[in-house]
Amino acid sequence: MFKRLSHWFNSMRGKARPEAGVPVAAQTGVVVESKKSDRSLILVKELSPRARRHMLRHFLALEEKDRLLRFGTKLSDEMVTRYVENIDFARDTVFGVYDRKLRLLGVGHLAFAPREKTRISGATIKPVVAEFGVSVAAAARGMGVGSKLFERGAMRCRNVDVDTLYMHCLSSNKVMLHIAKKAGMEIQRDYGEADAYLKIQPASSVSVFQEAMEEQVAMLDYIVKANMRALFKWIASLSGKNKPRS
Ligand SMILES: CC(C)(COP(=O)(O)OP(=O)(O)OC[C@H]1O[C@@H](n2cnc3c(N)ncnc32)[C@H](O)[C@@H]1OP(=O)(O)O)[C@@H](O)C(=O)NCCC(=O)NCCS
């Protein structure tokens, strides 16, 4: 625990690095192997409706081509705003990775839907399937944030007894297909688009504990960062007040 906290503390002092925290070894049955050593330090937090503002900032900062990759269609700012406003947090789960300034580096949206209402109704006998969509800020790519969000999405599926995770993306999306392949997803390509499916193992007490621990550490990390920011703002306001008037 102390080692984790020390990793986290170091990240607070670090510059443009993703967040520090829990070793991955995610008990999802899905671990997206990576060569990057510090990937195990990225913290994934479950987002609440209060994070809509952060999410909106993240999505609006995505370039047009990235919005196309993420949503499968070109979305205007207005449509992105509507998408964020309409996320149903009671049904779906949204995960995020924050930097030390509490900006979202990445967002993963796990949307749950009744099996019969999806195009993969034959893939499972469970009543619900999950679809995953993810985006990472351009400056934070290639560090493992997308893979960690994916792993966490798969872990959540496992722990809520959903055995099929689905992803839809453009066939040209080499990075996402690389992540999907590494996770062992079955990929079907069709007319420039690709569907990827992942079969998830049943939950275990270890997988439930692992996710709860990861969430606790990510939450603690978030709270400390928020308090540090408030403290720095307060100090800045004090030094502003103490400046001699000219
Ligand atoms: C797809 C996306 C989420 C990936 O996020 P990320 O944080 O950069 O991903 P990671 O760092 O975890 O992994 C990237 C992997 O792709 C590999 N990669 C990078 N460029 C690649 C390319 N041109 N072809 C194949 N693989 C590539 C990296 O080497 C890395 O693999 P490794 O972990 O085995 O070394 C991000 O690029 C993004 O937001 N794209 C725009 C939106 C999008 O495409 N969303 C997916 C649709 S659901």
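## Overall make-up

Buried residues account for 36% of the 246 residues in the protein. A residue counts as buried if 20 or more other C-beta atoms lie within 10 Å of its own, as exposed if 12 or fewer do, and as partly exposed in between; the C-beta atoms are placed from the backbone. The model is predicted: local features need pLDDT of at least 70, side-chain atom pairs count only at pLDDT 80 or more, and totals for chains, interfaces and linings use all residues. Residue numbers start from 1 along each chain as its sequence is written.

The protein has 7 helices and 7 strands. Both are DSSP runs, numbered from the N terminus: helices are H or I with at least four residues, strands are E with at least two. Along the sequence the pattern reads α-β-α-α-α-β-β-β-α-β-α-β-β-α. Among contacts between residues at least 6 apart in sequence, 66% join residues at least 24 apart. Two residues are in contact if their C-beta atoms, placed from the backbone, lie within 7 Å.

## The sheet

The 7 strands of an open sheet follow the order β1-β2-β3-β4-β5-β7-β6, with mixed pairing. β1 (45-46) and β6 (186-190) stand at the edges, each with a single partner strand, so one side of each has no neighbour in the sheet. Two strands pair if DSSP finds at least two bridges between them.

Strand β3 (residues 104-114) pairs with β4 in the antiparallel sense over 9 bridges. Here L110 stands opposite F132 in β4. β4 and β5 run parallel, joined by 2 bridges. The bridge partner of A130 in β5 is L165. In β5, 5 of the 7 residues are buried, so the strand is largely enclosed by the rest of the structure.

In soluble globular proteins, nonpolar side chains tend to be buried together. The largest nonpolar core here has 47 residues, and V97, A130, V145 and L165 have the most contacts inside it. The largest share of this core, 6 residues, comes from α5. Such a core is a set of buried Ala, Val, Leu, Ile, Met, Phe, Trp, Tyr and Cys residues joined through C-beta atoms within 7 Å.

V97 belongs to strand β2 (residues 93-98). V97 is buried because 27 other C-beta atoms lie within 10 Å. V97 and L149 are 52 residues apart in sequence, yet 7.9 Å apart in space, C-alpha to C-alpha. Leaving out residues up to four places away in sequence, A130 touches L110, A111, F112, C157, V162, L165 and Y166.

## Helix α5

At 1.5 Å a residue, its 15 residues should span 21 Å, and the end C-alpha atoms are 21 Å apart, which agrees. The expected span is 1.5 Å times one less than the number of residues. Just after α5, D161 takes a positive phi of about 65 degrees.

## Around the ligand

Of the 25 residues around the ligand, L69, R141, G146, S147 and K174 come nearest. A residue is near a molecule or strand if its C-beta atom, placed from the backbone, lies within 6 Å of it. α3 (64-71), β4 (128-136), α5 (145-159), β5 (164-170) and α6 (174-182) each supply at least two residues of this shell. The largest share, 6 residues, comes from α6.

By class, the shell has 10 nonpolar, 9 polar and 6 charged residues. Ala, Val, Leu, Ile, Met, Phe, Trp, Tyr, Cys and Pro count as nonpolar, Asp, Glu, Lys and Arg as charged, and the others, Gly among them, as polar.
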